[in-house]
2 protein chains.
Amino acid sequence: MTNWEVIARRKRESVQNAIPEEWLVPDINKRMTEAGYINSKLYIDTLVPSQEKKITDCTVLELSAKISAGQLSSWDVCNAFCHRAALAHQLLNCCVEIFFYRALDKARELDEIFARTGKTVGPFHGIPISLKDQLNIPGIDTTIGYVGYVDIQAKKQSLLASILEKNGALFYVKTTVPMAMMAPETVSNLMGVTLNGVNSRFSSGGSSGGEGALIAARGSLLGLGTDIGGSIRIPAAFQGLYALRPSHGRISYMDVANSYVGQEVVPSVIGPLATSLEDIELLTKTVVESEAWKLDPKVVPIPWRDMSHLRKEKLRFVCNVMDGMVMVHPPVTRALSKVVNALTGAGHEIIEYDFDHHKAVLNLATKAFTADQGKEIEEVCNLSGEPFVEAIKPLVGYDPNEPPISVEEWWAIGESKSHLREKFFKYWQDTAKQFSDGKMIDAILCPVWPSAGFKKDDGNYAAINYTVPFNILDCPSVILPVTLSDKMIDLPNDTYVPVDDFDEKIHNYYDPNEFHGMPVCIQIVC
Amino acid sequence: MTNWEVIARRKRESVQNAIPEEWLVPDINKRMTEAGYINSKLYIDTLVPSQEKKITDCTVLELSAKISAGQLSSWDVCNAFCHRAALAHQLLNCCVEIFFYRALDKARELDEIFARTGKTVGPFHGIPISLKDQLNIPGIDTTIGYVGYVDIQAKKQSLLASILEKNGALFYVKTTVPMAMMAPETVSNLMGVTLNGVNSRFSSGGSSGGEGALIAARGSLLGLGTDIGGSIRIPAAFQGLYALRPSHGRISYMDVANSYVGQEVVPSVIGPLATSLEDIELLTKTVVESEAWKLDPKVVPIPWRDMSHLRKEKLRFVCNVMDGMVMVHPPVTRALSKVVNALTGAGHEIIEYDFDHHKAVLNLATKAFTADQGKEIEEVCNLSGEPFVEAIKPLVGYDPNEPPISVEEWWAIGESKSHLREKFFKYWQDTAKQFSDGKMIDAILCPVWPSAGFKKDDGNYAAINYTVPFNILDCPSVILPVTLSDKMIDLPNDTYVPVDDFDEKIHNYYDPNEFHGMPVCIQIVC
């Protein structure tokens with residue numbers, strides 16, 4: 001065994017060892033299979049005490065209400081999620097750092113404060129929030145999928161973590177990521193593969209796959225992911241969760257570890273994944289109202305804007321079923337139709353999406369992601385001697401024989417991006433001409449992914465067509481769970497004529513039986 | 001004569017030819033000297049009809065009030081400024097495009113609208129606004145200081161120009177810039193040197209030197225400049241004007257020509273120069289209220305914020321007299337003291353500025369500005385065969401034998417910038433500890449330039465120490481005219497011990513007689 005393998009094994013063991021013995025379940029995966037489960041949430045439900053299940057089946061808002069009414073203690077809430085996260089990790093391999101003791105100690109402190117003052121310290125008083133392994137917590141590693149970063153403990157806490165902590169949040173785990181966060185699945189030499197929390201035969205997606213899996217298993221109700229090409233949205237979609245990819249500059253990324261730090265043309269953004277839309281809103285509102293722009297120069301000073309008046313208004317949408325490159329699978333088409341029908345039924349107006357620069361947008365993304373030909377990742381791999389993870393090679397365009405591009409070429413990418421964004425803004429404005437009331441669209445409805453996930457070893461069926469454009473165009477996007485794949489309804493479309501080989505490959509990947517029961521989400525892009 | 005010289009001469013002649021014959025004054029510079037003037041404003045006052053002088057001595061707000069009261073026609077206002085701009089150009093060489101006829105035609109249209117409706121079309125109804133030669137007006141060249149761009153007419157109008165035009169503004173001239181806008185003085189092979197409007201023995205500064213000179217001569221009351229290292233602030237300071245370098249993303253740069261398009265680490269910003277602070281505010285407010293963010297993806301959607309309540313509040317300032325690298329001249333020290341005394345006298349609190357990373361900030365700026373080793377400029381020079389202008393070599397680090405840096409090195413610059421900004425934001429927050437009321441500072445008071453300008457051929461005495469940091473840190477900065485150099489008061493400081501050779505060189509450059517009468521401005525940085 002080489003040195004990096006020893007370090008990686010030690011890391012995995014240390015994660016396992018951080019789980020209290022009474023929560024360890026030997027051969028848990030075998031047991032789950034034998035019990036006939038593929039959904040880790042449902043299986044864990046059979047393992048935990050009912051009072052814990054009652055807690056973890058709530059939303060954050062519901063728990064928050066109970067805690068502030070004195071009906072639940074922070075410690076009980078925290079303990080329930082720690083237990084469940086421990087089980088979820090054993091099933092799905094979704095945590096890279098486990099530090100329950102910190103959260104439980106903090107929970108006890110919060111209970112004391114509440115007992116003394118009768119007040120909670122903030123909307124997240126006693127709520128455990130899971131963190132993608134890019135957020136820094138002093139004294140804990142931030143390895144972002146690299147063996148070479150093991151045992152390098154963070155010194156400074158991420159500003160976002162501090163904001164949430166100030167509002168009462170408890171931190172108890174950090175969740176797995178693929179090497180360098182550069183894949184739509186979660187795999188690294190350090191931690192191996194993270195499985196899907198809804199269907200453990202499937203990939204958890206990525207790069208916030210650890211978050212997606214953990215929340216799907218209800219080992220967390222609310223977690224933070226990051227997104228440079230779909231990394232929040234893909235795991236959320238693959239596991240039927242709500243999520244938000246905010247615009248760049250809306251939520252503080254300060255002191256959050258990252259790849260390609262200083263790469264500002266296609267910036268990674270940070271945002272929540274959750275089991276309810278209200279919890280997404282609560283987190284976002286709390287963070288925005290913290291006025292992080294006073295400390296983080298990259299946060300734009302835009303206060304929280306109440307948009308509740310929109311609930312009563314007639315809205316306008318464009319809907320994109322096919323981007324001209326990759327046709328989506330029948331369950332995704334049906335999910336979109338379902339949303340379109342519901343909206344038109346409620347009096348909203350919907351037209352077809354026809355912004356026709358998606359190919360250029362995708363080409364630009366490829367140029368940006370491959371700009372250094374994988375040099376940075378190679379350098380970090382060299383720290384430990386671990387190999388370049390295969391799954392991330394396509395996205396970063398790894399080529400050991402090519403030098404990084406020059407600054408001039410990089411600026412040209414920046415310029416192209418601006419032009420594409422300008423065209424997109426103009427498209428948005430021009431939609432006004434197509435609506436009866438002469439107003440422009442409120443949002444775009446579109447797929448997140450051509451299929452309802454992909455199987456654990458099928459990373460070569462990945463197509464980031466529907467997520468990446470909104471990173472380049474920098475649009476906020478909400479992930480909305482709509483339905484489940486149903487083999488009885490979602491029959492293969494045998495008449496579809498693929499536009500090219502890749503489209504055909506994705507088209508042929510659809511198997512009603514394999515996908516049966518997989519959640520289907522759509523994006524609502526603003 | 002080589003080909004590029006022919007093109008450049010033709011361009012200069014065409015500018016001259018765009019001036020109506022009755023406004024041409026042969027040997028105007030000789031006449032001015034013989035008449036004993038160095039200040040072009042004062043000299044032009046002797047050449048124009050008094051009713052024109054009465055117009056050009058107003059502010060925009062005053063003219064606007066008269067126009068909307070029917071006391072002045074747009075055409076009269078426009079004609080007065082065209083005449084004066086024609087004289088200013090003959091004296092100072094400050095215009096690169098003259099198109100009076102368009103403005104006068106438009107003024108007549110506006111007068112008709114006013115006659116018909118009794119209403120103005122916007123706050124700039126009939127007001128001529130001068131444009132730095134980066135703003136695009138369809139059908140007119142945008143040469144940004146290059147011979148190679150002559151006769152390439154702009155197709156699409158800058159969004160900012162359209163916003164102002166919609167509000168009634170008239171466009172009549174575009175003003176000179178140094179090659180590529182990369183010098184704190186205004187010199188190009190295309191147009192030669194632009195002289196200072198207050199003292200024609202001095203440089204107009206740069207890169208918005210054409211604007212500074214034209215407004216100083218009252219050939220314009222309000223113009224648009226750009227600033228990547230001080231290019232708005234330096235000409236404003238050298239000519240005793242008000243100006244604003246807004247934050248990045250506040251005023252639309254869309255479809256404005258530029259060097260290094262796509263270079264987003266130290267972005268150039270666009271902002272106004274004017275003869276009054278109220279006019280700066282009027283322009284900024286009008287532009288912000290146009291909600292350009294709906295069309296320009298780079299504009300942040302922050303509405304205009306009324307800050308008039310600050311007039312009644314006790315404010316806190318830090319004051320920086322010396323950045324540790326280049327000591328300022330006695331007139332600048334006095335200007336700062338004058339402001340500090342006035343503020344403390346009015347009950348405001350002022351402490352010393354001690355953010356000690358200015359050297360790192362300047363080093364970073366140098367790295368960013370020299371990243372492509374002058375390659376882009378070289379390529380554009382090659383279009384016409386013109387030589388690389390000497391004055392811009394230091395700033396862009398021209399080295400024909402060095403390749404541009406790699407994208408990895410560029411990202412490292414981006415990362416350093418972010419860290420410096422974070423430190424600066426923290427510094428700003430921490431000032432709260434030093435004030436009696438525990439609140440943080442409202443603004444920084446500091447010099448714009450070590451001296452009150454420099455003489456026309458003394459570009460080697462340029463020191464951008466005091467302007468560049470606020471480009472890197474991206475702070476809005478207002479230029480405030482405070483006083484004039486006075487040989488009787490501003491005596492040389494013979495006891496000062498320079499910190500190094502460059503500091504000594506700048507220190508020794510002070511000559512009370514040469515600088516006598518030169519305006520002194522300070523920066524107010526937020």
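In the predicted model, chain A is superposed on chain B by a rotation of 180 degrees with 0.0 Å of shift along its axis, at an RMSD of 0.0 Å. This is the relation of a two-fold axis. The same surface serves both copies, since 100% of the contact residues of chain A recur in chain B. Among the residues of chain A, A:Ser406 comes closest to the rotation axis, its C-alpha lying at 2.1 Å.

The interface between the chains involves 38 residues of chain A in contact with 38 residues of chain B. The area buried between chain A and chain B is about 3,200 Å², and carbon and sulfur atoms give 63% of this area. One salt bridge is counted between the two chains; it joins the side chains of B:Lys417 and A:Glu264, with an N to O distance of 4.0 Å. Six residue pairs are in polar contact between chain A and chain B, both residues of each pair being at pLDDT 80 or more. On the side of chain A that touches chain B, helix 14 (375-384) and helix 16 (407-430) each supply at least two residues. The largest share of that side, twelve residues, comes from helix 16 of chain A. By class, the side of chain A that touches chain B comprises 17 nonpolar, six polar and 15 charged residues.

Within chain A, helix 9 (residues 209-216) is mostly covered, with eight of its eight residues buried. The buried residues of helix 9 include the glycines A:Gly209, A:Gly210 and A:Gly212, together with A:Glu211. Just after helix 9 of chain A, A:Arg218 takes a positive phi of about 60 degrees. In the loop between strand 5 (192-193) and helix 9 of chain A lies A:Ser207, and the peptide bond from A:Gly206 to A:Ser207 is cis, with omega near 5 degrees. In chain B, the peptide bond from B:Gly206 to B:Ser207 is also cis, with omega near 5 degrees, and B:Ser207 is placed in the loop between strand 5 (192-193) and helix 9 (209-216) of chain B.

Most residues other than glycine have a negative phi, and most peptide bonds are trans. A:Ala180 is not a glycine but has a positive phi of about 65 degrees. A:Ala180 is found in the loop between strand 3 (173-175) and strand 4 (187-188) of chain A and counts as buried, at 1% relative accessibility. A:Tyr260, also not a glycine, has a positive phi of about 50 degrees. The loop that holds A:Tyr260 runs between strand 7 (242-245) and strand 8 (269-274) of chain A, and A:Tyr260 is buried, with a relative accessible area of 5%.

Two further buried positions were examined in chain B. B:Arg316 is found in strand 9 (residues 316-319) and is buried, with a relative accessible area of 4%. A polar atom of the side chain of B:Arg316 lies 3.4 Å from the backbone oxygen of B:Lys314. Beyond four places in sequence, B:Arg316 touches residues including B:Glu349, B:Phe435, B:Asp437 and B:Asp442. B:Phe388, in the loop between helix 14 (375-384) and helix 15 (393-396) of chain B, counts as buried at 10% relative accessibility. Contacts of B:Phe388 beyond four places in sequence include B:Met179, B:Ile377, B:Cys381, B:Val396 and B:Tyr398. The C-alpha atoms of B:Phe388 and B:Tyr398, ten residues apart along the chain, are separated by 8.7 Å.

Terms used: Residues numbered from 1 in each chain as written. Chains lettered and ligands numbered in written order. Predicted model: local features only at pLDDT ≥ 70, side-chain atom pairs only at ≥ 80, totals over all residues. Heavy atoms only, no water. Least-squares fit on C-alpha atoms with pLDDT ≥ 70 in both. Contact = heavy atoms within 4.5 Å. Helix = DSSP H or I, 4+ residues; strand = E, 2+ residues; numbered from the N terminus. Buried < 20%, exposed > 50% of the residue type's maximum accessible area, 1.4 Å probe, protein only. Polar contact = N/O pair within 3.5 Å; in protein donor to acceptor, adjacent residues only side chain to side chain. Buried area = accessible area lost by both parts, 1.4 Å probe. Nonpolar A, V, L, I, M, F, W, Y, C, P; charged D, E, K, R; others polar.
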